[in-house]
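Here is a walk through one protein chain, from its overall build to its side-chain contacts. Keep the sequence and the model side by side as you read.

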Amino acid sequence: MNQGGPGRSAEEISHSMKRLRNELDGDVHQIKQSAATLSDWQYYIRNYPWMSLGGAALVGYLLVPKRLEIQSPDAETIEKLARKNRLVVEHQPRKHASSGGLQSVASFVTRLIIKAATAQLMHHFANGIASQESTTTSVASPESSSNGAGEHFSRIMGDRE
């Protein structure tokens, strides 16, 4: 067959174009699948659970504002500032809460409820990941591991059912 020459027949050109279209269809389908996989955040959590956890911790660290630095100047500096700005400071005693015990109990119960709710949510999250893995394991490629983040988390937390 003469690939690029002017002597190619119409049938050869038609066959070549059909083969190219079939190859392009396959390439487009493969690119579409790759893009869907790359944009699926659950793929990264399943396949890279520790990297996902580290990334989430980094984002949390960057989003949380720094603590305010409280400076306590000495008495001489405060006196100079007060004279310079004609500052008048009135001393008012602090009011102490009379329900300290009740407030402590309420704080303890609130923290306990939050911890229980968090544990329950994490358990449901792990079960959701595990159920998704079981449905996608038959569809997944042979080189993908069946030990995803859900199974790791369930093993760490223990089965509570």
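A residue is called buried under 20% relative accessible area, exposed over 50%, and partly exposed in between (1.4 Å probe, protein chains only). By that rule, Arg46 is buried, with a relative accessible area of 18%. Keep Arg46 in mind; we return to this residue below.

The model is predicted: local features need pLDDT of at least 70, side-chain atom pairs count only at pLDDT 80 or more, and totals for chains, interfaces and linings use all residues. Residues are numbered from 1 along each chain as its sequence is written, and side-chain values use heavy atoms, with hydrogens and water left out.

Start with the fold. The chain has six helices and zero strands. Helices (H or I, at least four residues) and strands (E, at least two) are DSSP runs, numbered from the N terminus. Buried residues make up 7% of the 161 residues. The accessible surface comes to about 14,700 Å², and 61% of that belongs to carbon and sulfur atoms. Such areas come from the Shrake-Rupley method with a 1.4 Å probe; for residues, only the protein chains shown count as cover. A contact means heavy atoms within 4.5 Å. Of the contacts with a separation of 6 or more, 48% join residues 24 or more positions apart.

How far can the model be trusted? The guide is pLDDT, the predictor's confidence in each residue, from 0 to 100. The chain averages 77, and 73% of the residues score at least 70. Over residues 140-146 the pLDDT is below 50. Beyond near neighbours in sequence, that stretch has two contacts in the model.

Now the charged side chains. A salt bridge is a side-chain nitrogen of Lys or Arg within 4 Å of a carboxyl oxygen of Asp or Glu. The whole structure holds four of them. One joins Glu23 and Arg19, at 3.4 Å from N to O. Why is about one helical turn between them? Because Glu23 and Arg19 are four residues apart in helix α1 (residues 10-38). Glu23 is partly exposed at 41% relative accessibility, and Arg19 is partly exposed at 39%.

Another bridge links Glu76 to Lys80, with the closest N and O atoms 3.6 Å apart. Both lie in helix α4 (residues 75-85), four residues apart, about one turn of the helix. Lys80 is exposed, at 53%.

Here Arg46 comes back. Asp40 forms a salt bridge with Arg46, the closest N and O atoms being 3.9 Å apart. Asp40 is partly exposed at 27%, whereas Arg46 is buried.

Next, look at the rings. Rings of Phe, Tyr and Trp (its six-membered ring) pair if their centres lie within 6.5 Å; planes under 30 degrees apart count as stacked, over 60 as edge-to-face and the rest as tilted. Two aromatic pairs turn up in the whole structure. In one, the rings of Tyr43 and Tyr44 have centres 5.3 Å apart and planes at 80°, so this pair is edge-to-face. Tyr43 is partly exposed at 26%, as is Tyr44 at 31%. Together with Tyr48, Tyr43 and Tyr44 form one aromatic cluster.
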